[in-house]
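Welcome, and let's take a walk through this protein together. Have a look at the picture first, and then we can go from the whole to the details.

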Amino acid sequence: MHLMMILIALAVAWWLRSACNQPQGSWNLRWGRSLFLFLFPPLLIFMTAIAILFMGPQGQMGGMYTGSVSYLLALISLAFFAISCIKLAFQGWQSVESARNCPLVNLGDRRARLLQTGALFAGQIGFWQPELVVSQGLVQTLSPDHLESVLAHEQGHHYYRDTFWFFWLGWVRSCTAWLPNTEVLWEELLALRELRADAYAALQVDPLVLAESLLLVVSSSPVLSEICCAALGSSGADRLEQRVEALLAPPEPTPEAQLQSWHGFLLAFLPLLTVIFHT
């Protein structure tokens, strides 16, 4: 019976991920849909594994005997998830420690770590309380107005705690790379994250100046890993046109996540209810 639960969870997860197509609609609709398709399948698999682990390798469920094979599969899956999380956390910690070795500089009313490289880079590095890191090349190349627009964008990442939330989304990505459309949804979420930070910055600086800064920074090669890092050019050059068009168009509201938008995720916890039918 437990093996049947695993197969059902995998089938539903694969079917949902296969339903992914070209995103359309407003920012809010795209974000909600992409986040659901990205998170719900692995959450369903995760909850199924936890339910089987709680029920153990012995007993009956629905009149059918359970075996140790499904229990072992669930245990291996959860161990893989845990090891992946520890690995990413260690890589993130290394990025944070590397950033902390850079000297502190004052950029107007902001303090930042100065990266000794000629590449154009600005990003938030860390977890819940990230630090602003800028490159020497960025400070020397950009005009004060362009630099201020870049810093405003990075302040948007800090405001939305993007480094923290995308660390966990990155963990989900590493655990479910075998599911269809994982990379497609990941790239879409990265692009929407940047659009949100762009919109935040556009309320404080001239959107045209921000678009010009974006063209300069995205054309430069990335200098740091994306783990625990939210940088101006992290969505890549392939999304550049979309971001520039969004900056030049009338501003689109990016409301905070509402409680009702998370109701669909409650279905992923249904496997936990099967515990009460296990004897």
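Accessible areas here come from the Shrake-Rupley method with a 1.4 Å probe, and for residues only the protein chains shown count as cover. With that in hand, the protein exposes about 14200 Å², and carbon and sulfur atoms supply 66% of it. What you see is a predicted model, in which local features need pLDDT of at least 70 and side-chain atom pairs count only at pLDDT 80 or more, while totals for chains, interfaces and linings use all residues. Residues are numbered from 1 along each chain as its sequence is written, and side-chain values use heavy atoms, with hydrogens and water left out.

The secondary structure comes to 10 helices and seven strands. Helices (H or I, at least four residues) and strands (E, at least two) are DSSP runs, numbered from the N terminus. Of the 279 residues, 47% count as buried; buried means under 20% relative accessible area, exposed over 50%, and partly exposed in between, with a 1.4 Å probe and protein chains only. A contact means heavy atoms within 4.5 Å. Among contacts between residues at least 6 apart in sequence, 73% join residues at least 24 apart.

Now to the interior. In soluble globular proteins, nonpolar side chains tend to be buried together. A nonpolar core is a set of buried Ala, Val, Leu, Ile, Met, Phe, Trp, Tyr and Cys residues joined through side-chain atoms within 4.5 Å. The largest one in this protein has 39 residues, and W31, F38, L39, F166, L169, W171 and L189 are those with the most contacts inside it. At least two residues of this core come from each of helix 1 (2-18), helix 2 (27-55), helix 3 (68-100), helix 6 (162-175) and helix 7 (182-202). Helix 2 gives the largest share, 14 residues. Not counting residues up to four places away in sequence, W31 touches F166, L189, L192, R193 and R196. There is also a second, separate core of 24 residues, and A122, L132, L147 and A152 are among them.

Let's follow helix 7, where A201 has its place. A201 counts as buried because its relative accessibility is 0%. Leaving aside neighbours within four places in sequence, A201 is in contact with S149, A152, H153 and L210. The C-alpha atoms of A201 and H153 are separated by 4.8 Å, although these residues are 48 apart along the chain. S149 sits in helix 5 and is buried too, with a relative accessible area of 0%. With the neighbours within four places again left aside, the contacts of S149 are A201, V205, V209, L210 and S213.

How do helix 7 and helix 8 meet? The axes of helix 7 and helix 8 (residues 207-218) come within 9 Å and cross at roughly 140°. Axes are lines fitted to C-alpha atoms, for helices over the stretch in contact, and angles run from 0 to 180 degrees between N-to-C directions. Helix 7 and helix 8 are therefore oblique to each other, since angles under 35 degrees count as roughly parallel, over 145 as roughly antiparallel, 65 to 115 as roughly perpendicular and the rest as oblique. D198, A201 and A202 of helix 7 make the contact with P207, L210 and L214 of helix 8.

Finally, two loops deserve a visit. Most residues other than glycine have a negative phi. R161, in the loop between helix 5 (144-159) and helix 6, has a positive phi near 55°. N181, in the loop between helix 6 and helix 7, has a positive phi of about 65°.
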